[in-house]
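Colleague: Hi! Could you walk me through this model while I have it open?
Modeller: Happy to, go ahead and ask.

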Amino acid sequence: MAYKMEQTMRWYGPSDPVSLADIRQSGATGIVTALHHIPNGDCWTKEEIQLRKKTITEAGLTWSVVESVPVHEHIKTRTGNFEQLIANYQQTLRNLAAEGIFTVCYNFMPILDWTRTDLSKELPNGAKALFYEKKAVQAFDLFILKRPAAFEEYSQEEIAQVKEYFHALSPAKHQLILDTILKGLPGSEIGYTLDEFRSMLQTYDGIDAPKLQEHLRLFLEAIIPVAEEVGVYMTIHPDDPPFSLYGLPRVVSTAADARRIIRDNPSPHNGLCFCTGSYGVRPENDLPAMISEFGNHIHFIHLRSTKRDAEGNFFEDNHLEGDVPMAAVIEEILKVQENRKKSIPMRPDHGHQMLDDLKKQTNPGYSAIGRLKGLAEIRGVEEGLLYTWKK
Ligand code: DNO
């Protein structure tokens with residue numbers, strides 16, 4: 001018996017321009033969604049969960065994964081009412097389990113969720129992709145945010161180059177960088193003004209990577225026993241991009257990070273969301289080897305590919321191109337599934353804005369056609385691998 005990955009798609013809820021009916025046509029059977037309207041930190045009630053589940057079920061689909069139950073900043077910094085917030089989180093897990101939803105994704109990135117600097121970078125073929133430009137982030141850090149410590153962290157040569165880049169920016173590009181970084185991308189629950197962002201940064205004074213690791217460990221120490229009790233599998237999403245930004249610590253970026261998280265709390269309920277596009281930005285992250293090593297803890301998979309350049313920029317490439325060895329990744333996943341005798345939910349992560357979607361307003365990265373293309377290609381690789389296994 002060969003296990004195929006469970007095909008899922010992310011849906012942002014009733015206001016998503018990509019409907020459940022659209023998703024159903026893609027061939028995906030599972031939905032990945034969250035109750036984005038509930039303020040970060042509040043408990044998700046059974047009624048709200050039931051309502052969302054009903055909408056999904058009536059469309060002929062299954063609510064497979066929650067992405068995400070967001071972790072409040074006070075939990076990450078262990079300040080304010082963090083104990084109450086952890087209790088709310090535990091209750092949310094109980095309520096989800098009571099409704100038969102057993103896979104939960106979350107992240108532990110301080111302040112910002114995923115970060116890009118351009119959400120519609122035109123590719124040579126006319127489609128548009130998400131792009132991360134290192135100099136744009138550095139220019140924001142040094143000359144817009146004016147973070148004092150940044151001037152010590154970068155080399156003099158870097159500062160001079162970024163200065164030149166910054167002064168050559170058109171007002172429109174300046175605004176684009178500002179908005180793109182501060183407003184937050186779909187799924188990041190919060191956007192900031194520049195001043196708000198500055199004061200948020202101060203809440204991390206004195207919190208370095210070892211301290212944030214400890215906060216994550218303590219969060220899991222409180223959450224995982226509840227997850228075990230009610231049968232929920234927690235999956236931590238890696239940092240995107242997988243390195244520090246604005247002097248903030250990031251602690252889920254490498255194989256060593258994943259190893260530490262599992263070593264500190266080896267319960268199978270303490271799992272990973274294996275996002276190839278996030279881990280894949282660091283060349284030393286050997287993705288197939290990581291899947292093989294952490295296989296028993298991988299309960300959710302995001303498949304996409306990024307392409308790095310020598311300057312430290314990256315863009316989101318076609319799912320089967322770029323730096324992620326997608327066929328090798330899928331082969332390792334199939335082996336893990338075979339060992340565990342089960343399918344793991346997978347979603348094609350992001351996609352190019354292309355064809356008719358170029359005329360539509362969609363959530364950046366989450367237009368229908370680009371993701372459909374990604375899903376179809378991934379499905380093809382999986383089918384081909386299973387065919388050669390059978391022979
Ligand atoms: C971006 C997403 C992230 C992810 C969160 C998980 O497309 O992968 O926003 O949902 O980091 O908590």
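Colleague: How do the side chains of Glu67 and Arg10 meet?
Modeller: Glu67 and Arg10 form a salt bridge, at 3.5 Å from N to O. The term stands for a side-chain nitrogen of Lys or Arg within 4 Å of a carboxyl oxygen of Asp or Glu. Arg10 belongs to strand β1 (residues 6-10) and Glu67 to strand β3 (residues 62-67), so the pair ties together parts that are 57 residues apart in sequence.

Colleague: What should I know about the numbering and the model itself?
Modeller: Residues are numbered from 1 along each chain as its sequence is written, and side-chain values use heavy atoms, with hydrogens and water left out. The model is predicted: local features need pLDDT of at least 70, side-chain atom pairs count only at pLDDT 80 or more, and totals for chains, interfaces and linings use all residues.

Colleague: Thanks! How many salt bridges are in the whole structure?
Modeller: The search finds 28.

Colleague: Back to Glu67: what kind of peptide bond joins Glu67 and Ser68, cis or trans?
Modeller: That one is cis, with omega about -5°. Ser68 sits in the loop between β3 and α3 (73-77). Another cis bond runs from Asp240 to Pro241, with omega near 0°, and Pro241 is in the loop between β7 (233-236) and α11 (255-264).

Colleague: And what is the phi of Arg78, positive or negative?
Modeller: Positive, about 50°, although Arg78 is not a glycine. You'll find Arg78 in the loop between α3 and α4 (82-98).

Colleague: Zooming out, how many helices and strands are there?
Modeller: The protein has 15 helices and 12 strands. These are DSSP runs numbered from the N terminus: helices are H or I with at least four residues, strands are E with at least two.

Colleague: How is the protein divided into domains?
Modeller: Domain 1 covers 6-114 + 204-390, and domain 2 covers 118-197; the bounds come from an automatic or database domain assignment. Their centres, taken over C-alpha atoms, are 25 Å apart. In the contact (heavy atoms within 4.5 Å), domain 1 supplies 29 residues and domain 2 supplies 27 residues.

Colleague: How much area do domain 1 and domain 2 bury between them?
Modeller: About 2,400 Å², 66% of it on carbon and sulfur atoms. Buried area here is the accessible area (1.4 Å probe) that two parts lose on being put together, summed over both.

Colleague: How many salt bridges cross the interface of domain 1 and domain 2?
Modeller: The rule finds 0 there. On the side of domain 1 that touches domain 2, strand β11 (residues 314-317) gives the most, with 3 residues.

Colleague: Last one: what box do the C-alpha atoms fill?
Modeller: Roughly 60 × 50 × 40 Å, taken along the principal axes.
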